[in-house]
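Student: I have a structure to go through. Can you take me through it in short steps?

Tutor: Gladly. Here it is.

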Amino acid sequence: MATAVVTDSGERENYLNAGHGPKSWLLTVDHKRIALLFLISITFFFFIGGFFALLIRLELLTPAGDLVQSDTYNKLFTMHGQVMVFFFLIPAVPAVLGNFLIPIMIGAKDLAFPRINLLSWYLFIIGGLLMIYTILNGGVDTGWTFYTPFSSEWSKTNVISAIVGIFFAGFSSILTGLNFIVTIHRMRAPGMTWNRLPLFVWAHYATSIIQVLGTPVIAITLVLVALERLLHLGVFNPSLGGDPLLFQHLFWFYSHPAVYIMILPGMGIVSEIVCCFSRKRIFGYKAMAMALLGIAVVGFLVWAHHMFVAGISVYAALIFSLLSYLVAVPSAIKVFNWTATIYKGSVTYQTPMLYAFGFVGLFTIGGLTGLFLASLGVDVHVHDTYFIIAHFHYIMVGGMVMAYLGGMHFWWPKISGRMYPEGWGKLAALIVFIGFNLTFFPQFILGYMGMPRRYHSYPPEFQILNVLSTAGATILAVGYLLPMVYFMWSMRYGKPAPPNPWNAAGLEWQTHSPPPTFNFDEEPVVTWEAYNYDEMGEIPEKEEVPVAH
Amino acid sequence: MFGHLPLWPENASTNAGNVDALYIFLLLVSGIMTALIFAVLTAFAIRFRKRRGQRAVQIEGSTHLEITWSIIPFCVMLVFFVWGAVIFFRERTPPQDATEVYTVAKQWMWKFEHKGGQREINELHVPVGRDVKMIMTSQDVIHSFFVPAFRLKQDVVPGRYTTLWFRATKAGTYHLFCSQYCGTQHSGMIGWITVMEPRDYEAWMSGGASNQPLAVTGEKLFTELGCVTCHRSDTQGRGPNLAGVFGKPVLLEDGRTVTADENYVRESILEPGAKIVQSFKPVMPTFQGQVSDEQLNALVDYVKSLAGPQSGRPANANGMAVATPQP
């Protein structure tokens, strides 16, 4: 390692101690600091959305609607969805881990447009403040899907402020995606060819394409809803000459690919973790990279599978059903290739690997139940029931949140310069896994039995399964609070992290922990493939971990 | 409270068994897949755990393997697709002689009207073993007609008709849920489908106050609203003669041909200019805002009755107004 700059106090200068005071954070153009700004913001929204979820689960403990009023309940599930989707799931991995890691992984000093990166955070904050205003001003009750004409005429809640908030968050997402695409094209270090990019970078490249191409569609669509609400422009409301199904087409044209905005970066994280803790190169690098792009492209062609019972023609339904099966192929490749990567590896089970195992398992269940939904005959029955709720939570919470937590543990030493407590990490991963399954598995059964989603009260025969689900949600909440606590604890009391605690491949592990402001002391020159674990040796045992400095 | 734990919905229609069969097949196949993946993962995780003096063996990948585990699952998925499509196609193709029930959904109730003029709210009586076709529209927002025991669901959309059909197989009462979120009392928009033995059903239908058949109500409206002055029963009217029109292809001014189904008749009343019949002029005024959804149903049913006993054939399997080329 080349000589590092030293601060006045004698510490090595890094991005965290390079400036002090609020101004040094709020006006920073350092991608790593902006990533931390995003981390704080999305964590805040995650716990708000989670709080709504807990209230929902508490209400559903009994069949009667007795904890909150119907209108309140409707607002709770609406805002749970909107906060989680637009203010946590979509920005989480790209804006935090992607932002922090992509420039370092490709050997760059920063993203291509550092100021646009900061603008992206400010747009997110404007959107977030509007969302908070919406919540404090009495909430919104349209469902996160904003179906017309309910949202454009009948709802009496704060639809406009919610829409404008999501509109801003959308532009934040577009700018992040744009920044990533340009950065990955233009800023790679010498020798970092496309075929040497970590899959994490490929995953974000695929994600960015969706963000840039898809997000404008939902932005325009939501603006049209607002215009119809304010000016009675007849676009979606049949009593004004509009077409309510047009809204659903436009909404899902973005919102289905948006699922891949959430899950693709997670797949990138899992690829990094599985390789590192198996000490193996990824099985089928090219297939894995192409599968990511394939999912992004085919993901744009399946949106109407959300509309099989909405009144689209039989032939349209047949085509969208078939295309939905097509998108399952690259997803299957990914699961099989991760499994094959472990084969003949030298596997250890640190916290990130536990989350990666959890991801593969839960994503498998989420993906396979997606095949049920793509099948027209079954979808007609389970559409808009708890089966759907279970399915997409298996993908978004079981998949994406597991991957996000795995990534946070994996790169926490790099981000904070401290080690998290391994024992607590493993315990939390286990609690999350158990709590998650107890929360959402009963919902598959509830769904096939016919319990519709978004029900404030429900017939008594559904109660036992709902009680199980609520119990699981309580456990899950503990599992999510734990990392929050020990991450903060570790920032002060954690062992100082060496540059490469996992002995992992990848440029981010060749610089200091935490990295200096411009990431590397000298611009790296890459002469190796990604995942060159044959040259990396084993993960150091605890006692072997060299102390930093 | 924890008396018994139901895990499977009741089976009360000819469709339910079909859906269950596919669902069980899907459960089996995906169960085997999950078990396989979990078993292999666990086996690898144990067999290849870190051991002293043993290094990982680097493997590039294998195109052959990757192609194998892409193509085989895709072929299995094609079975899911075809099987599901067959069920769906059957679900969306109502039999010709189905008993029709008109449905108007509104926040937060289901209003039904039988052909004989019997009206019901949040409760629908149907016979065992006879095909029933629901012709549905909404007065306000989108609702969804969902009967778990029939494994059937169809969104009910304002401004158009959507249809759904079933044949009940077992007498009893079954939940009718609104499954599309529709506002405050969404979870209270629950009704019951009462399936009765044909004898009980006939008794139920003929009981109560004497009702005026829907088509007769429609005929009266047809006169009251002045439709009859132009749509005369000869060829001299300014509008087309409606006798025998329903269910048949209609040649339009712009050369297209559409089938005169429920949605076409509805649209022609509310938006007369949308589809002008060939050799007629766009002189009809709109009745938007002047007739309620219930009155529209009566008018549609009257026009249907003018087609004679062979009526009731919808345009396409989905019951939507879609232009179909003339054979």
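Student: In strand β5 (residues 131-138) of chain B, how many residues are buried?

Tutor: First, keep in mind that this is a predicted model. Buried means under 20% relative accessible area. Strand β5 of chain B is mostly covered, and the count of buried residues is 8 of 8.

Student: Which residues of β5(B) point the other way from B:D131, B:K133, B:I135 and B:T137?

Tutor: In a regular strand the side chains alternate between the two faces of the sheet. B:D131, B:K133, B:I135 and B:T137 point one way from β5(B). The other way point B:V132, B:M134, B:M136 and B:S138.

Student: In which sense do β5(B) and strand β8 (residues 162-167) of chain B pair, and what is the bridge partner of B:I135 in β8(B)?

Tutor: β5(B) and β8(B) pair over 6 bridges, in the antiparallel sense. In β8(B), the partner of B:I135 is B:T163.

Student: B:R167 and B:D131 meet in a salt bridge. How many residues apart are they?

Tutor: Side chains of opposite charge can pair when their charged atoms come close. Here the N to O distance is 2.8 Å. B:R167 is in strand β8 of chain B and B:D131 is in strand β5 of chain B, so the pair links distant parts of the chain. They are 36 residues apart.

Student: Is B:R119 buried or exposed, and what about its salt-bridge partner B:E113?

Tutor: The closest N and O atoms of B:R119 and B:E113 are 3.5 Å apart. B:R119 has a relative accessible area of 59%, so it is exposed. B:E113 has 6%, so it counts as buried.

Student: Which helices does the salt bridge between B:K304 and B:E262 tie together?

Tutor: The closest N and O atoms of this pair are 2.9 Å apart. B:K304 and B:E262 are both buried. B:E262 lies in helix α6 (residues 262-270) of chain B, and B:K304 in helix α7 (residues 293-305) of chain B, so the pair ties together α6 and α7.

Student: Which residues gather with A:K344 in a patch of positive charge?

Tutor: A:K344 sits in the loop between α10 (314-342) and α11 (351-374) of chain A. Its relative accessibility is 35%, so A:K344 counts as partly exposed. The surface patch also holds B:R47, B:R49 and B:R51.

Key
Residues numbered from 1 in each chain as written. Chains lettered and ligands numbered in written order. Predicted model: local features only at pLDDT ≥ 70, side-chain atom pairs only at ≥ 80, totals over all residues. Heavy atoms only, no water. Patch = residues over 30% accessible without salt bridge, like charges linked within 9 Å, V, L, I, M, F, W, Y side chains within 5 Å. Areas by Shrake-Rupley, 256 points an atom, 1.4 Å probe, with all protein chains shown as cover. Salt bridge = Lys/Arg side-chain N within 4 Å of Asp/Glu carboxyl O. Lys, Arg positive; Asp, Glu negative; His and termini not counted. Charge placed at Lys NZ, Arg CZ, Asp CG, Glu CD. Helix = DSSP H or I, 4+ residues; strand = E, 2+ residues; numbered from the N terminus. Buried < 20%, exposed > 50% of the residue type's maximum accessible area, 1.4 Å probe, protein only. Pairing = 2+ DSSP bridges.
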